[in-house]
Structure formats: structure tokens, C-alpha cells
Amino acid sequence: KSTDDASGSNNRLLSSVRTVAAAYLSFQGAKAGLKIASDMEQAAVSFEVMTGSAQKGQKVLSDLRKFAASTPITLSGAQSAAQTLLAFGVSTEKIMPSLRMLGDVSGGNQERFKSLALVFADVQSRGRLMGQDLLQLINAGFNPLQIISEKTGKSLTDLKKDMENGAISADMVTQAFLSATGEGGRFFGMMDRMSKTALGSYNQLISAIQE
């Protein structure tokens, strides 16, 4: 009888735990959903203001969703990078092409993608490459001077002197990115390949859940 009583008590306790756990998970799911919805609403307002119109803002958001659905970059990561580029004055038309080449250079790595977006945006706003920008780009895995050297035949030493004299323009840096991510470049199609890895698939799942 004591055993039966204990078993019944344990079953009631287990049932209570299950009920509390289900309620907690439901609450956490609703809380996460509300946060994502709130973030999306704020992103929509942000892009509307930054692009100058609701139509352009919605177009950027739509493009970002498609980008996140087919790459290892999560939706929240893509939105953050796009906001950074816009905040530094990159035109709306150049947002998606810029994100694609930055994503390829980053290899789909979220942290490198974020760092590259910030430095790239800074270079575009300054109009030229500076020593600190070069260091940050190299730390993120990309040396634009190396690409420029390969294309022009100029030595890295000469190019660094040009940089110190303000002669490495933002357009030259952009062209270096485009060359490295274009057909035949060392980063060509990198995101497509990375999206087929386990981590890439996981990040796409996260983007789908956020969506």
C-alpha cells in the first residue's frame, strides 16, 4: 500500500511538472515570437526612414529575407549589416550586391560578416582606405591591397605608401572585393558552398524560424 501511495504521488508530481513545463515553454515561445515581431517592426521603420520611403524599405526587407533563406547568414545578421551600410551612406541599390560579396568573403561566418560590413561601410563613408581599416579587413580575412597588387602589378610596399597618401580609394577597395568574389576569384561562390554545410543549414533553419 505504501508503494502504491508513493507511486500515485510521484505520478501526480510528474503530471504537475509536465503542466508547468508546458506552460513555461509556451510562454517562452510567445515571448520569443513577440521579440522577433517587435524587431521586424523596428527594422521596417528603420529601413523606411533610411531609404526614404516605405516602398523601398519593404523592398530591402524582402530582399534580405530571400538572402537569408539561401545563405548561411541569418536574417537578423543580414538586417544588422544592411542597417550599418545604410547608416554609413551606402545607397539602397548597392545594399544587396555589397552584402553578397561581403558574405562570400566572410565564408558565411556571422562574426566576420558583421566585421566586414562595418569596415566596408566605414571605407565607403571616408572615400578612401586607411591603415586602421586595412588592419581590420586583414583580421577579418581579407587584404584588398593583395588583390590590387595582383591586378596592377604594384608591390604591396608601394600600395601601402599610396594608402598613406590617400590614393587607395573606396572604389578601388570595392573593385578588390568584386574581383575576389567574381568568377575565378578565390571567394567565388563561397556562400553557396557553405550553405550546404551543417552550420549553413542550421543558420538557414534559424532564419526560417525567425521568419
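# Reading the classifications in this model

Student: What makes R126 partly exposed?

Tutor: R126 has a relative accessible area of 47%. Buried means under 20% relative accessible area, exposed over 50%, and partly exposed in between (1.4 Å probe, protein chains only). R126 therefore falls in the middle class. The model is predicted, so local features need pLDDT of at least 70 and side-chain atom pairs pLDDT 80 or more, whereas totals for chains, interfaces and linings use all residues. Residues are numbered from 1 along each chain as its sequence is written, and side-chain values use heavy atoms, without hydrogens or water.

Student: How do you know that R126 and D133 form a salt bridge?

Tutor: The closest N and O atoms of R126 and D133 are 3.8 Å apart. A salt bridge requires a side-chain nitrogen of Lys or Arg within 4 Å of a carboxyl oxygen of Asp or Glu, so the pair qualifies. D133 has a relative accessible area of 3% and is therefore buried. R126 and D133 are also linked with D122 in a network of salt bridges.

Student: Why does the pair K59 and D63 count as a salt bridge, and where do both residues lie?

Tutor: K59 and D63 lie in helix 2 (residues 54-70), four residues apart, about one turn of the helix. Helices here are DSSP runs (H or I, at least four residues; strands are E, at least two), numbered from the N terminus. D63 is buried, because its relative accessible area is 17%.

Student: What does the salt bridge between E150 and R186 tie together?

Tutor: The E150 and R186 side chains meet at 2.7 Å, N to O. E150 belongs to helix 7 (residues 144-152) and R186 to the loop between helix 9 (170-181) and helix 10 (190-194), so the pair ties together parts that are 36 residues apart in sequence. E150, at 47%, is partly exposed, and R186, at 49% relative accessibility, is partly exposed. The whole structure holds five salt bridges.

Student: How do you know how helix 3 is oriented relative to helix 5?

Tutor: Helix 3 (residues 75-87) and helix 5 pack at an angle of about 10°, with axes 9 Å apart. Angles under 35 degrees count as roughly parallel (over 145 roughly antiparallel, 65 to 115 roughly perpendicular, the rest oblique), so these helices are roughly parallel. In this packing, G77, A78, A81, T84 and L85 of helix 3 meet Q110, F113, A117, L118, F120 and A121 of helix 5. The contact residues divide into eight nonpolar, three polar and no charged.

Student: Which residues touch the most other members of the largest nonpolar core?

Tutor: L64, L99, L129, F142 and F177 do, within a core of 49 residues. Helix 5 (residues 110-126) contributes the largest share, seven residues. Contact means heavy atoms within 4.5 Å, and leaving out residues up to four places away in sequence, L99 touches L64, F67, A78, A81, A82, L85 and F113. In soluble globular proteins, nonpolar side chains tend to be buried together.

Student: What makes V105 and S106 buried or exposed?

Tutor: V105 lies in helix 4 (residues 95-106), and its 5% relative accessibility makes it buried. S106, also placed in helix 4, is buried at 0%. Leaving aside neighbours within four places in sequence, V105 is in contact with L116, F142, F177, T181 and F187. With residues up to four places away likewise not counted, S106 touches I73, R112, F113 and L116.

Note on methods:
A nonpolar core is a set of buried Ala, Val, Leu, Ile, Met, Phe, Trp, Tyr and Cys residues joined through side-chain atoms within 4.5 Å. Axes are lines fitted to C-alpha atoms, for helices over the stretch in contact, and angles run from 0 to 180 degrees between N-to-C directions. Ala, Val, Leu, Ile, Met, Phe, Trp, Tyr, Cys and Pro count as nonpolar, Asp, Glu, Lys and Arg as charged, and the others, Gly among them, as polar.
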